[in-house]
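Here is a short report on a single chain. Have the sequence and the coordinates open while reading.

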Amino acid sequence: MDLTSYAEWAVRLINDPAPPPELTALRAELAAVFDVAGDPRAVAERLNALLVRYPVHPRLSDHDGQGWHLHLAEDSAASAVMGLAAVVAEVGADRLGRCHEPRCARAFLDTSSNRSRRYCSPRCATRANVAAYRRRRSAQEG
């Protein structure tokens with residue numbers, strides 16, 4: 001069972017400026033996981049607490065002629081928490097990130113092959129690169 005899509009949903013929820021009211025508390029709890037992403041033990045502690053609070057209930061499904069396979073129960077909170085926990089378990093807590101562009105702070109999953117992602121989107125990367133270029137150019141002229 002690939003849980004990456006559930007983790008990506010968690011990231012979308014964190015970055016949503018106006019989540020549904022019933023998911024506001026979860027949004028803050030998931031964001032707190034990304035806030036400690038530099039400390040794998042702290043990430044694990046927060047995710048373990050969330051796994052207790054939002055237990056996962058898998059079920060077997062055979063929809064769309066795919067044969068029997070596992071789905072997480074239709075609990076968006078449990079699915080998001082389980083997705084992030086699976087990503088951390090499979091590829092590490094250092095794959096959870098916050099955008100390095102100073103005017104941003106959006107969460108992202110680093111899916112790069114060399115763990116080098118620093119920005120949430122190409123737009124933020126471009127904005128940061130243009131600002132750095134302008135700083136260098138200004139320093140050369142001044």
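## Alanine 132 and the end of the chain

Alanine 132 is buried, because its relative accessible area is 19% and the cut-off for buried is under 20%. The residue lies in helix α5. From alanine 132 to glycine 142 is a step of ten residues in sequence. In space, the two C-alpha atoms are 15 Å apart.

## Overall layout

The model is predicted. Its chain holds five helices and four strands. Read from the N terminus, the order of elements is α-α-α-β-β-α-β-β-α.

The C-alpha trace spans about 65 × 30 × 30 Å along its principal axes. The chain has 142 residues, and 39% of them are buried. Take the contacts between residues at least 6 apart in sequence: 41% of these join residues at least 24 apart.

## Helix α1 against helix α2

How do the axes of α1 and α2 cross? Helix α1 covers residues 4-15, and its axis comes within 9 Å of the axis of α2. The crossing angle is roughly 105 degrees. That value falls in the range of 65 to 115 degrees, so α1 is roughly perpendicular to α2.

On the α1 side, the contact uses Ala10, Val11, Leu13 and Ile14. On the α2 side, it uses Leu26, Arg27, Leu30, Ala31 and Phe34. By class, that gives eight nonpolar residues, one charged residue and no polar ones.

## Helix α2 against helix α3

Helix α2 spans residues 24-35, and helix α3 spans residues 40-53. Their axes lie 8 Å apart, at an angle of about 160 degrees. Angles over 145 degrees count as roughly antiparallel, so that is how α2 runs relative to α3. The crossing of α2 past α3 is left-handed.

Which residues meet here? From α2 come Glu29, Leu30, Ala32 and Val33. From α3 come Val43, Arg46, Leu47, Leu50 and Arg53. Six residues of this contact are nonpolar, three are charged and none is polar. Leu30 is listed in the contact of α2 with α3, and Leu30 is also listed in the contact of α1 with α2.

## Glutamate 29

Is glutamate 29 buried or exposed? This residue of helix α2 has a relative accessibility of 18%. The limit for buried is under 20%, so glutamate 29 counts as buried.

Its side chain makes a polar contact with the side chain of tyrosine 54, at 2.7 Å. Setting aside neighbours within four places in sequence, glutamate 29 is in contact with Leu50, Arg53 and Tyr54. Leu50 and Arg53 also belong to the α3 side of the helix contact described above.

## Two residues with positive phi

Most residues other than glycine have a negative phi. Aspartate 64 has a positive one, near 55 degrees. It sits in the loop between β1 (58-61) and β2 (69-72).

The relative accessible area of arginine 115 is 40%, which makes the residue partly exposed.

Arginine 117 is found in the loop between β4 (107-109) and α5 (122-141). With a relative accessible area of 31%, arginine 117 is partly exposed.

What does the side chain of arginine 117 reach? It reaches the backbone oxygen of tyrosine 119, at 2.8 Å. Leaving out neighbours within four places in sequence, arginine 117 is in contact with Phe108, Leu109, Asp110 and Ser112.

Arginine 117 and aspartate 64 are 53 residues apart in sequence. Their C-alpha atoms are 36 Å apart in space.

How values were computed:
Residues numbered from 1 in each chain as written. Predicted model: local features only at pLDDT ≥ 70, side-chain atom pairs only at ≥ 80, totals over all residues. Heavy atoms only, no water. Axes fitted to C-alpha atoms, helices over the stretch in contact; angles between N-to-C directions. Parallel < 35°, antiparallel > 145°, perpendicular 65-115°, else oblique. Left-handed = near helix turned anticlockwise from the far one by under 90°. Contact = heavy atoms within 4.5 Å. Nonpolar A, V, L, I, M, F, W, Y, C, P; charged D, E, K, R; others polar. Buried < 20%, exposed > 50% of the residue type's maximum accessible area, 1.4 Å probe, protein only. Polar contact = N/O pair within 3.5 Å; in protein donor to acceptor, adjacent residues only side chain to side chain.
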